[in-house]
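Here's a quick briefing to read with the structure open beside you. Take it topic by topic and click through the residues as you go.

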Amino acid sequence: MLKEQFDNLRAGSVLVHNITNYVTVNDVANAILACGASPIMSDEPEDVEDITSICSALNINIGTLNHRSIEAMYAAGRRAGELGHKILLDPVGAGASRLRTETARGLMNKIRFDVIRGNISEIRTIATGSGTTRGVDADVADAITEHNVDEGVDFVRSIAAETGCIIAVTGAIDLVSDGKRCFVIRNGRPEMSRITGTGCQLSGITAAFLAANPQTPLEATAAAVCAMGLAGEIGWSRMQEGDGNSTYRNRIIDAICNMDGQQLEEGAKYEIR
Amino acid sequence: MLKEQFDNLRAGSVLVHNITNYVTVNDVANAILACGASPIMSDEPEDVEDITSICSALNINIGTLNHRSIEAMYAAGRRAGELGHKILLDPVGAGASRLRTETARGLMNKIRFDVIRGNISEIRTIATGSGTTRGVDADVADAITEHNVDEGVDFVRSIAAETGCIIAVTGAIDLVSDGKRCFVIRNGRPEMSRITGTGCQLSGITAAFLAANPQTPLEATAAAVCAMGLAGEIGWSRMQEGDGNSTYRNRIIDAICNMDGQQLEEGAKYEIR
Amino acid sequence: MLKEQFDNLRAGSVLVHNITNYVTVNDVANAILACGASPIMSDEPEDVEDITSICSALNINIGTLNHRSIEAMYAAGRRAGELGHKILLDPVGAGASRLRTETARGLMNKIRFDVIRGNISEIRTIATGSGTTRGVDADVADAITEHNVDEGVDFVRSIAAETGCIIAVTGAIDLVSDGKRCFVIRNGRPEMSRITGTGCQLSGITAAFLAANPQTPLEATAAAVCAMGLAGEIGWSRMQEGDGNSTYRNRIIDAICNMDGQQLEEGAKYEIR
C-alpha cells in the first residue's frame, strides 16, 4: 500500500513551497530532493503568493518565526487554500512561547491544513491551547511508548476528528490519524533525536508525498513517516566506528535518496487501528 | 589558461561579501573557503556598506529575498561599484515571482554587474522581462543540450552584449560569454541537480575567482564554472554504495578543497567559440 | 578537572537559547546536541523572552545581525540576566563594521555576560572600541603564537579583569581568563580555519558547558575550548584521501558526539598561568 505512495512521488515532479526555519532549512531542501520532489523557499509576504501558486504543496514550519514570516504564512496559506494545494503545519515549539502557540492556533483558524505534524507536546498544545514543551523537544512526561499507546491512539484520533486535519505525532512510536483510522508506526531509531531537523525534514517530505497522492492523504502521510523512520534505520546500519550525529544526518538523507517504493513497502513497520 | 586563474586565487587572500539565501548559505561559505578565499555574510542595510568595503567581491543572490535584504543589495551594490569591486548577480527564481523578476531587473538597472549567473530560464527572464521557471529550476523546455547548443551560444552572447555583463548559464552544458567569445563547458554531472545549492556555491566561488583575476574576468568565470563541474565529477567518482545526495554535497566541496590549478587545467572540458 | 565539567553536561539536560547567525546555525545546533545538550533558536523580539525563560543558557552571536535580531538580543539578554542564566557573547566581525562594533559594545553595557568568546581581533575591538579585522577572521598581525603568548596572556587577563567577564580568545593558541587565572590551551588544528563555523559551534557548546557547571565557569569555558580543539584533532585523524573541509566539518561534530569526560581529560593540552 505504501509502495504506491512513494512510486507516485518518484514518478512525478512535485514542487513544495516551504516557509520554514533557518536552522534546518538546508536539510529540508536536500530531503525533499532526496525523495524525488523539488523545494522552493520564500518567506517574504510580497513574494509568497506567486511562489506558492507554482507549487502543489505548502509546508509551514514555525521554528524560527518572526512577524514578517508569520505574515507570509497567512498569505501563502490563504492562497494555497484557494488553489486547493496540500498544506501542512509543523508547529515547532508550540507551548514553548505565547507567540508560537498563538501563531499555530491562529493559522489553524484561518487555513485549512491537510496535515499537522509535531511531537506529542506540540500537538497537545495546539489541541488544548496550553501545554508544556521542552523547547523544541517533547516533554518526557508526554512521550508515547508501548505503555500508553492505546491512550495515544485515542488522543490523536480525537484531535484529528476535532480539527478535521490528519494529525501526525512523531516520537518513539509515531501515530497518524485522520479521525477514523490510525496508523501506529514503529520505524525509526532513538539516535535520530540527537540530530537537529529530522522532524522538519519529515514535514517537508510529507508535503511532497501529499501532493503526489492527492486522493490518499492518510496513506501518503503514513508513507512519509515510515520512509523517514526507515531512513533512520538504514542510515544507522551504515554508521562506522567514530561516526556521530553529523555523519548520521548525511546517512539518513542518503537513505531517502536511495529508497524506492519497494524498499519502503518491505521496511515499513505499522499497524492500522 | 584556467590553471593561472585558480593559482591566483589560491595565492591570494580574497574576501567575498555575500548577500545570499539562508537555504544554502553554509555550503556557499564552505565552498568559498574550499577554493582558498574567505566569505563574510551580511544583509542588514546599515551593515553592508562597511562590510563590502573591506572585501574585494560582492555576491548577490536573491534566493530568499525580503524587503530588508533587497535594500541591502542595493546599498552594497552601490558601494561595491564605487570601490571598483567585482560584483555578481545570481537571480534565483527570476520568473517564478513578480518580486524576484523585478528585483533582478531593478538591480541590473542600478548596479554594474561583472557577471550574472543563473539557469537558462532565469537568464531568459532577466533578459526579456518575462519567462517561465519551475521554481528555482530551469524549465525543461529551455534546457541547453547538444541539440540546441548553437542557438544557446548565440542567445547567451547576445544577452552579454546587450547587458554589458558576462553571462554564465549553467545546466547540462554551461555557457559563459562576454558578448564576444563564448566558453562552451561540458564538465559536471546530472546528479548535481539532486543537491540544493550547487548553483549558489558556484556563484560564490565565481565572485572569488573574479576578485583574484581582475584583468581576465571571462577566463575567471569560466574557470569557476569548470572547477565546480569538475568537482561534481570528482565527488561522484568517490561515491560509495549507499551514498546519496547529502554525502555527494560533502564530496563536491571536498573536491574543490583539494583541487589546484593543475588539476583544473587537466580536467576542464571546454571549447571557445 | 575538565572531566567533571563534561560529565556534568552529559548527565544533565541543558537547554541553550541561541540568537545566532544563519550561516552556521545548523552546525551550532548539531554541536550542542553532540555534547549532550539541546538547542533552541529564536530571534523574534516578541518570542525571545518566553523562549529564554525555559532555557538555562543564552548564546548571542552577532554574525548576521539585523535590527530585529539586535532588538531580540537586548530583550533576551535582559530577561536571561534577571533569571540568572549563563550568557555568552560571540562578537563576530566586531571591528569589521560600525554596527557590529557598536552592537557588541552596547550589549556589553546592558547585559552581564558570563563569557565573551572571539578571535583576538574581535576581542581587541570590543576592549578598545576600535580594531581591525579581516572580515570574520582575525587580523594576522594580531595572532597569538608562541612568540607573543606572554603578552597575549597579560592582555586577555586584563580585559577579563576590566570587563568582569571570562574572556576566551581562540586561535592557534587559545587563552581563557577570568582576570586572575589564565588557561593557555594548545588543542586544535590549523585546518579548522578552513571550515566555516567552528568558532560559532564553540560558542554554542561553551554556553552549554557553563549551564551544566554554574559554580566553575572558568573551568567550564576551558573545557569547552579544549573539547572543540580536541574534536578538531580527532576529526583530522579520521580524514581519508580525498576528504576536504566539508567532510572535516562532519568529523569534528562526530568527534564531539563520541567524546566523554575521560577522553577530554586525557586529550586536553593546557597550562594554567
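Which residue in β2(A) is the bridge partner of Val16(A)? That would be Pro39(A). Keep in mind that this is a predicted model.

- Chain A has an open sheet of nine strands with mixed pairing, and the order is β2-β1-β3-β4-β5-β6-β7-β8-β9.
- The edges belong to β2 (38-41) and β9 of chain A; each has a single partner strand, so one side of each is left without a neighbour in the sheet.
- On average, neighbouring strands here are turned by 20 degrees against each other, direction ignored.
- At the β2 end, strand β1 (residues 15-19) of chain A runs parallel to β2(A), and four bridges join the two.
- As a bit of background, strands of a sheet pair through backbone hydrogen bonds, either parallel or antiparallel.

**Around β7 in chain A**

- Strand β6 (residues 166-169) of chain A pairs with β7(A) in the antiparallel sense, over three bridges.
- Helix α7 (residues 149-163) of chain A lies across β6, β7 and β8 of chain A. Its direction is at about 35 degrees to β7(A).

**Aromatic pairs**

- Over all chains, the structure holds nine aromatic pairs. Two from chain A are worth a look.
- Phe183(A) and Tyr270(A) have ring centres 5.4 Å apart and planes at 40 degrees, so this pair is tilted.
- That pair links distant parts of the chain: Phe183(A) sits in strand β8 (residues 182-185) of chain A and Tyr270(A) in strand β9 (residues 270-272) of chain A, 87 residues apart.
- Buried or exposed? Phe183(A) counts as buried at 0% relative accessibility, while Tyr270(A) is partly exposed, with a relative accessible area of 28%.
- Trp236(A) and Tyr248(A) have their ring centres 5.0 Å apart and their planes at 70 degrees, so here the pair is edge-to-face.
- This second pair connects two helices: Trp236(A) is in helix α9 (residues 217-237) of chain A and Tyr248(A) in helix α10 (residues 245-258) of chain A, so it ties together parts that are 12 residues apart in sequence.
- Trp236(A) is partly exposed, at 30% relative accessible area, whereas Tyr248(A) counts as buried at 1%.

**Charges over rings**

- In chain B, Arg124(B) lies over the face of Phe155(B), 4.8 Å from the ring centre.
- In chain C, Arg124(C) lies over the face of Phe155(C), at 4.8 Å from the ring centre.

**The sheet in chain B**

- Chain B has an open sheet of nine strands as well, in the order β2-β1-β3-β4-β5-β6-β7-β8-β9 and with mixed pairing.
- Its edge strands are β2 (38-41) and β9 (270-272) of chain B, each pairing on one side only.
- From one strand to the next, the twist averages 20 degrees.
- Strand β4 (residues 86-90) of chain B pairs with strand β5 (residues 115-118) of chain B in the parallel sense, over two bridges. Leu88(B) stands opposite Val115(B) in β5(B).

**How chains A and C relate**

- Chain A superposes on chain C by a rotation of 120 degrees with 0.0 Å of shift along the axis (RMSD 0.0 Å).
- The two copies are thus related as by a three-fold rotation axis.
- Tyr22(A) has the C-alpha nearest the axis in chain A, 3.6 Å from it.
- The copies use different surfaces: 16% of the contact residues of chain A recur in chain C.

Technical notes
Residues numbered from 1 in each chain as written. Chains lettered and ligands numbered in written order. Predicted model: local features only at pLDDT ≥ 70, side-chain atom pairs only at ≥ 80, totals over all residues. Heavy atoms only, no water. Least-squares fit on C-alpha atoms with pLDDT ≥ 70 in both. Contact = heavy atoms within 4.5 Å. Phe/Tyr/Trp six-rings, centres within 6.5 Å; stacked < 30°, edge-to-face > 60°. Buried < 20%, exposed > 50% of the residue type's maximum accessible area, 1.4 Å probe, protein only. Lys NZ or Arg CZ within 6 Å of the ring centre and 35° of its normal. Pairing = 2+ DSSP bridges. Axes fitted to C-alpha atoms, helices over the stretch in contact; angles between N-to-C directions.
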